[in-house]
Every structure is written in C-alpha cells, then in structure tokens.
Amino acid sequence: MTTLTPRRVSGPARLRRGALYAALIVVALTIILPLVWIVITSFKTDTDVISNPYSILPNPFSVDAYGTLASGQQPIFRWLLNSLVAATLQTVIVLVTASMGAYALARLEFKGKKFIFGLIIGTLLVPPVIFLIPNYLIVQNLGWLDTLWAVSVPGAAGAFGIFFLRQFFVGLPTEIEEAARIDGAGDIRIFLQIVLPLAKPALSTLAILTFLGNWNDFLWPIYVLLSPENLTLQPGLSQLQGAYSTHFSIVMAGAVIASVPVLVLFSLAQKQIVESVASSGVKG
Amino acid sequence: MTSLAPLPPTAVATPIPAPRRASAGGSGTRRRTWTAYAFLAPFLVLFATFVVGPAVFGVWISVTDWSPYKTEQSFIGLQNYIDLVTPGSVFFGDFWQSLGATGIFTVASVPFLLVIPLGVALLLNQKIAGGTVFRAIFFAPFVLGVAVIGVIWKYMLDTQSGMINHLLGLIGLPSDIPWTVDVPWAWVSLVGVTVWWTLGFNAVILLAGLKGINTDLYEAAALDGAGAIRKFWNVTLPGLRPVMLFVSTTTILASANMFGQSYLLTKGGPANQTRTAIMYISDQGLSQNNMAAAAAMSYVLFAFLAIISVINFRLQRDKP
C-alpha cells in the first residue's frame, strides 16, 4: 500500500474526470427523468395511460388533461395566484418588520433590549407544532380562517428574520452612520438611506428564504384554508390528487402547471436562490 | 435617487434643550428608548400575537379540557399529560405509535440526508465544467414544494402502473413491490423521496462549507503524503464541522417534523404505521377537536426534540 507508483497525469486523471462526470450525470438524470416522465404522462389520454402506462410517446398526443383542469372544477390557476399572493405578502411583512426591529436591536440602546433579544433567540428553535393549536384558535378569533391572511401573517412573526438581519446589521461598519449623525441625520434617515442599502444582500437572502418557505408550506394551509377557491397550491394539489386519484394524466398536468412557474422563476434567479440557501449554513 | 427626502421632525436626533435631570434615565435615554420601540413595534405586535402569546396559550390549553363545543373550559391540571403516559387511555397507543413512526423516519432518513448531499457536494467541489448547471438541477426539486413531489412520486411508486416497478421488472427484479402501501417498503419510499426532494438543499449548504476550508491545509496534508481519503478524514471533515452541526441540526428537526410526505404518499398507512407525530397531533387537534390533548402532545414532542437537539449539539461539539 505504501509503495510509490510513478505519477502518470494523463491516463488515471482522465479516468478520474470521466468517473466524476459520470457520477454527476447519474445524479442529474435521477432528478430530471421523473420530471420528464410527469410531463409526458400529462399529454396522454386516460385510456392511453391505462393501456400503455410505460410508452415513451403519448398516443395520441392530447391536451385533454389540461383542458379538464382549465374547465375549472379544481381551480388550479386560482391556487397558483393565491400562493403567489400569500408568499409575496408574507415576504413583504417579514422584510419590513424584521429590518426595522433588527435596526433597533443592532444600533440603538434601550431598556428591555436584552430581554427582547433573549426572547427572540429562545423561540428560534421552538418547533412549529407548538403553535399549531393555539394559532389556529387565534386565527379563528381574528376571523381569518379560510382567508389568505391566515397563511401570510402568522408565519411572518417568526424570530428567524429579525435574528438573521440583526446579525448582519451588527457586522456593518458604523463610520458612515456616525458621519451622517453628525450631519444631523436621524434614525429613520440612517435606517432608510444608509443601513438598508448596505444590507441588500441580506435582505434578498431573507426574501428568498421566506418566499420559498411560504411556497412550500403544507400542514398549516391544509387546516386553515377550507373553500376550494381559497386554497394555495400545495393543499390544492393534494386535493386534486384526491379528486382524480385514478386519472394520472390530470394529476400530472396539475403537477406540471404547479411546477412551471416556479421552475421559470428558479432558472432566472437560480444563482441567487442557491447562494442564499448556501449562506444560511455558513452564517448560522 | 440619491437626494435626501425631507425629514420627518421626529427623526431629527439633534439634542433638544431639555431640563437636565440627575437620574440615569434622563431625557436622552428615554428618547432613544422611544425610538427603539417605535422601530420594534410592528415586529413585536406580530411576535406577541403569533409566537409568544400562542406558546403561553398552548400551555394553558394543555392543562384544560378545551373543546370547541364548550363555552367554558375548566382547569384540569396535568391530566392531559398523565393520560398520555397511562397505558389504556384514549390517546396512549396511537400517540406513542406516532412518536415511534417519527423516530423511525428520523433515524432512517438523517444518515442518507447527510451522506448523499455530502457526496454530491464533494463532486460539485471539484474543478468541473457546468458546475452551476449541475448545482441548479440538484436543487430544483426543493423549489417545487412537497405537494408536487408527493403527487409525482405517488404515481412513480404506484404498485401496478408505477415506473419504478416497471424499471425493476425490466432488469429482472420483482416488479410488484408495494412501495406506498406496505412496510417496510413505505419507509424506503418516504426516505428515498425525501432525499430526492431535499438533497440539493443540504448539498449547496455543505458545498459552501467545503469552499470555506482553507486550501493551505490540503497542501500541507499533501506535503505530508496524505492521499485523498486521509485528506477527507483529516482536513475536510474537521473543516466542515460548524456547517455540519448546522445541517445536521436542521435536518434532524426537519425529519422529526415530517408531515407532507406521509400525508401524500402513504396517508399514514398501512394501519397508521407511517403516521408521524405531527400528523397525529394535527389530526387530533384540528380535525377531531381534541385540542387540549393535542396541545399536551405537542409539548411532549417538543421536549423530545429539545433533548435530541442538545445531544446532537454535544456530540458534534465535543468531538476531538
């Protein structure tokens, strides 16, 4: 084992690179092929799915499944819009409230600061299941059951956003701020015109993580959204699966409709999305 | 764009001549406190209403006989908790079965959810063409959301018409595996689908960790004659420790909170064997209207998760 073999760069190195790419391609195909299969199935007819479940080409090529969905028994485009609205609303609320609060925690001295920061840290790792029952009752009392408020606002109250931004704000240099203060700038101006522009990377990371989290949320919307037209995409698809359990092409068309907008968004902003997630671990 | 907007009068921090007071909380300090709370107010309103309030409210619910059918609740002390540990009580069997299911899934999934993404991250960390493209492909399933993943794999894993059984048949393996309707296959499916869904998520975090390791350490190891495997054990893994602590903690918690995969793929079956604790608690609390018992269960689950988190933290931090 310890004998040294003379190094030949070309042969083994090329083999190694080949194995590396082979491994990467295998993993990539494992991800891509099921998605391709879903698209193929969505263009089949019901009878084709049953009689030729494994045929690679739809015969006949059919958009019936999409037609059924568009006819609106299961308002999937409405769910898409609802998800978009809920995720955007939650993201805006988080960005505004967390950045303001984080500024106070990072830059101002005040009574009760330690207590509030302690409370925020204390709730960071509390699992969401703790809030399930009481928040349901609170949302019910607010009259928010079956509205998009229920899936936007309570989830915006978490401690992660303010904690994440506070850590970032603390690390920002204070020289510009001090100069501005000497020039007579107040906290609102310093916050809006100095701190927020400097914090753009952290803000966009938080926006992406919040949006994705809301988009993926499943348990909570199942219970607080009730009417078919008020559902978001995740509980909606689950309902679609229940309604058309034996019509695979329709359910797969639903999966395609649900996937295309996010995949388009993702491909446009993939670098930033991936890097936002990546940085969550290094900073955390 | 750079012009300064007119300042609201309250924002000006210039000292206002005020009567001096000897006390520590002079007007200056108080004004800063006011400003700070003005900045914090929107967050604190939400935080109090939907985080701190419910955490306390939940404890109260768990010590009452809360029910949506009653107008008044009475305090019953720890009875709900005592019931949970009393064999033969209404919830005992099902609750502990669901905790067991959560435990099985966590133990079965976490190693794969750490090792496979680590492998993928190591591949991506090589000098390769198209690295960003591969990274984006691996990450893509995560953005689709659990319901899309659920309906896709429910079809792929269908016993009769699923592609997976068909492919197994093509290479001469059994083609009638009950992937979502019988154990242990259901567990294999739940773990496999979770890996497929989230491997890119953990991989990109681990990749960032790998890129953060000082390359001098690798060069020093190479000078000492270390091969690829020794470099991995002696440089890569120790260098990854802080990131690994983060990833393992979030992965353990995510697995222990698993809900959607079981809900969509197995509906908790067969015979509730894959019904996780979260699934049982939400069903009891919000569908069966046993809110008080469900609140108590959620605190028991919380206690378990806290213990596991502390153990994980200790183990990883204290490694030599």
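Residues are numbered from 1 along each chain as its sequence is written, and chains are lettered from A, with ligands numbered from 1, in the order in which they are written. Since the model is predicted, local features need pLDDT of at least 70 and side-chain atom pairs count only at pLDDT 80 or more, while totals for chains, interfaces and linings use all residues.

The model scores ipTM 0.88 and pTM 0.88. Per residue, confidence is given as pLDDT (the predictor's confidence in each residue, from 0 to 100). Chain A averages a pLDDT of 90, and 95% of its residues score at least 70. Helices here are DSSP runs of H or I with at least four residues, strands are runs of E with at least two, and both are numbered from the N terminus. For chain B the mean pLDDT is 87, with 89% of residues at 70 or more. Residues 1-28 of chain B have pLDDT below 50, and this stretch has 20 contacts in the model beyond near neighbours in sequence. Contact means that the C-beta atoms of two residues, placed from the backbone, lie within 7 Å. Where pLDDT is low, the predicted coordinates should not be read in detail.

Next come the annotated spans. UniProt positions are given in the numbering used here, with shortened feature names, and annotations may be inferred rather than shown by experiment. In chain A, an unreviewed UniProt entry lists "transmembrane region" for residues 20-40, 79-103, 115-137, 149-169, 190-212 and 248-269. In the model, residues 20-40 of chain A are 100% helix and 0% strand, with end C-alpha atoms 30 Å apart. Residues 115-137 of chain A are 83% helix and 0% strand, and their end C-alpha atoms lie 27 Å apart. For chain B, the unreviewed entry gives the "transmembrane region" label to residues including 37-61 and 240-260. Residues 37-61 of chain B are 100% helix and 0% strand, with 31 Å between the end C-alpha atoms; residues 240-260 of chain B are 86% helix and 0% strand, with 30 Å between theirs. The unreviewed entry also lists "domain: ABC transmembrane type-1" for residues 99-312 of chain B. That span is 77% helix and 0% strand, and its end C-alpha atoms are 19 Å apart.

Two helix pairs illustrate the packing. Axes are lines fitted to C-alpha atoms, for helices over the stretch in contact, and angles run from 0 to 180 degrees between N-to-C directions. In chain A, helix α4 (residues 76-107) and helix α13 (residues 233-243) pack at about 155°, with axes 8 Å apart. The two are therefore roughly antiparallel, a label for angles over 145 degrees. Here A:I76, A:W79, A:L80 and A:S83 of α4(A) meet A:L233, A:G236 and A:L240 of α13(A). In chain B, helix α8 (residues 215-223) and helix α9 (residues 228-256) pack at about 160°, with axes 10 Å apart, and are therefore roughly antiparallel as well. The contact joins B:L217, B:Y218 and B:A221 of α8(B) to B:R230, B:K231, B:N234, B:V235 and B:G239 of α9(B).

Finally, 80 residues of chain A are in contact with 83 residues of chain B. Helix α14 (residues 248-283) of chain A supplies the largest share of chain A's side, 18 residues.

Definitions and conventions: Parallel < 35°, antiparallel > 145°, perpendicular 65-115°, else oblique.
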